[in-house]
Amino acid sequence: MPMLNRRTFLQGSAALGGAFALGAGFAARAGASPDPQVLTAQFADARIAADGVTPKVMTYGLGEAAHASMPPVLRMRKGEAYAARLVNRLDEPTTVHWHGLRIANAMDGVPEITQPYVYPGDGFDYVFTPPDAGTFWYHPHCNTLTQIGRGLAGVIVVENPDDPVFDAEIVLTLRDWRLGRGGKFIDPFKPRDAARGGTYGTVKTTNWQREPVFEAPAGGLVRVRIAAMDVTRIYTMALDGAAAKVVALDGNPVDTPFLLDRLDVGPGQRLDIVMRMPESEGQTAKLSNDRGSRPWTIATFRAVGTSLKRDLRDVGPLPGNPIAEADVSIAKRIPIELTATAEHKPTPSICGSLGYTFWAINKVPWPGDTPDPIAPIEELKLGRSYVLQISNRTPHAHPIHLHGLSFRILNSNKRTFLPPPTDTILLLPDEQAEVALVADNPGDWVIHCHIIEHQKTGMTGYLRVV
């Protein structure tokens, strides 16, 4: 496999520029926008399982051509306008949600909340300016379990010209597939599992491959961007055969990079590490998932060439993002309780229903994409500080993702390490945490569990910023 370096990844990226900008509250001002990348949602056949070709995976291609491979890594630049034209070649409606990007509400990609459905044969233009650098991802917010579960998700890299340039960069997308004999898709979930921790896939992949091997310079410093795109699985990351420092979590730099030991990463979350490759040609390091009773290899990194003799101690903090700090002393506190709920049949939806309701936020279950949305959890005043008091009243973990806003974890009864500002918190069973934010982006912002079965069976709501 060829070495993946910065130059390789930059090739094929669209030229970004223009005068389009985000003003106060991230609302877009009028101005010229760049030529859009054409992002086509489409079907393709792909060899994922060992015993056959999987038909009709869902993927994104640049332009109109079908690609039987994982969706492209989209490259943007912090503070520069970006445009994409979604073209829907599927046989059902879809959208694109730009996961983790604090952009204008109209660009957020949630049907019935921020935009109309994009029906087969139609398109939709997204134009925004990413204010933050880091690792993010994109995926549909329509019939989410099926569409993400069948492959429709890709990585976003927002570059900062002030970031250090490492000796190589590797992007990893982690996801399971629910495949049966001959590589054919099987039912995406089991109701009894959806009512618990979620239904696991049968084929574990990284970049749509089983235990891939990547080459990078011996003795070099490699930035590895990892996106957990699975619809269910929580990972415990561990590295053997090399040392690495964690430099960013969920797109935001950590204040002081720290050695990777064992770190939990839930669906929707991202992890950036800088790894010092083994010293000699042919030596390998392995990134593994150590969660559960049967760990497995996520990816192997093989050293090539003469050692560059780089030193991991030279890795310092990345430049920060412009995220406002809440004034906790005057912040209003908002209780958010994650609970189970009585099973009943939810309202039908164009974007697909799982046919069950098992979960709720503040005792209200909502599938999250119906034409008659429930009332917001709370109405927030633009520019003011808030503390969300989130309590997980269940025996299962829930990665809770908030669109359009970033928050800082203030405290928790289950953790001692408090990460940098984030858009997702992996709440452990019976965990209670306080997170602080500034309501600096107007609109209706969805908050939901990113175990998609939980999202689609009720653990969804939204905050309104006015």
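Buried here means under 20% relative accessible area, exposed means over 50%, and partly exposed is in between, using a 1.4 Å probe and protein chains only.

Before going on, what are we looking at? This is a predicted model, where local features need pLDDT of at least 70, side-chain atom pairs count only at pLDDT 80 or more, and totals for chains, interfaces and linings use all residues. Residues are numbered from 1 along each chain as its sequence is written, and side-chain values use heavy atoms, with hydrogens and water left out.

Back to Trp208. Its phi is positive, about 65°, although Trp208 is not a glycine. Most residues other than glycine have a negative phi. Trp208 sits in the loop between strand 10 (203-206) and strand 11. Strands are DSSP runs of E, at least two residues, and helices are runs of H or I, at least four residues; both are numbered from the N terminus.

Lys309 also has a positive phi, near 60°. Lys309 is in the loop between strand 19 and strand 20 (332-340). Is Lys309 buried or exposed? Lys309 is exposed, with a relative accessible area of 60%.

Now the whole chain. It has four helices and 29 strands. The radius of gyration is 21 Å, close to the 23 Å that the globule rule gives for 466 residues, so the chain is as compact as a globular protein of that length. That radius is taken over C-alpha atoms, and the rule is 2.2 Å times the number of residues to the power 0.38. Along the principal axes, the C-alpha atoms fill a box of roughly 60 × 55 × 50 Å. Buried residues make up 60% of the 466.

How about contacts? Take those with a separation of 6 or more: 74% of them join residues 24 or more positions apart. A contact means heavy atoms within 4.5 Å.

Last topic: salt bridges. The whole structure has 29. The criterion is a side-chain nitrogen of Lys or Arg within 4 Å of a carboxyl oxygen of Asp or Glu.

Look at Asp272. Its side chain meets that of Arg223 in a salt bridge, 2.9 Å from N to O. Asp272 lies in strand 17 (residues 270-276) and Arg223 in strand 12 (residues 221-228), so the pair ties together parts that are 49 residues apart in sequence. Asp272 is buried, at 0% relative accessible area. Arg223 is buried too, at 4%.

Asp272 has a salt bridge with Arg225 as well, with the closest N and O atoms 3.5 Å apart. Arg225 is in strand 12, 47 residues from Asp272. Both Asp272 and Arg225 are buried. Shared partners join Arg75, Arg77, Glu159, Asp163, Glu169, Arg223, Arg225 and Asp272 into one network of salt bridges.

One more pair to finish. Glu279 forms a salt bridge with Arg276, the closest N and O atoms being 2.7 Å apart. Glu279 is partly exposed, with a relative accessible area of 26%.
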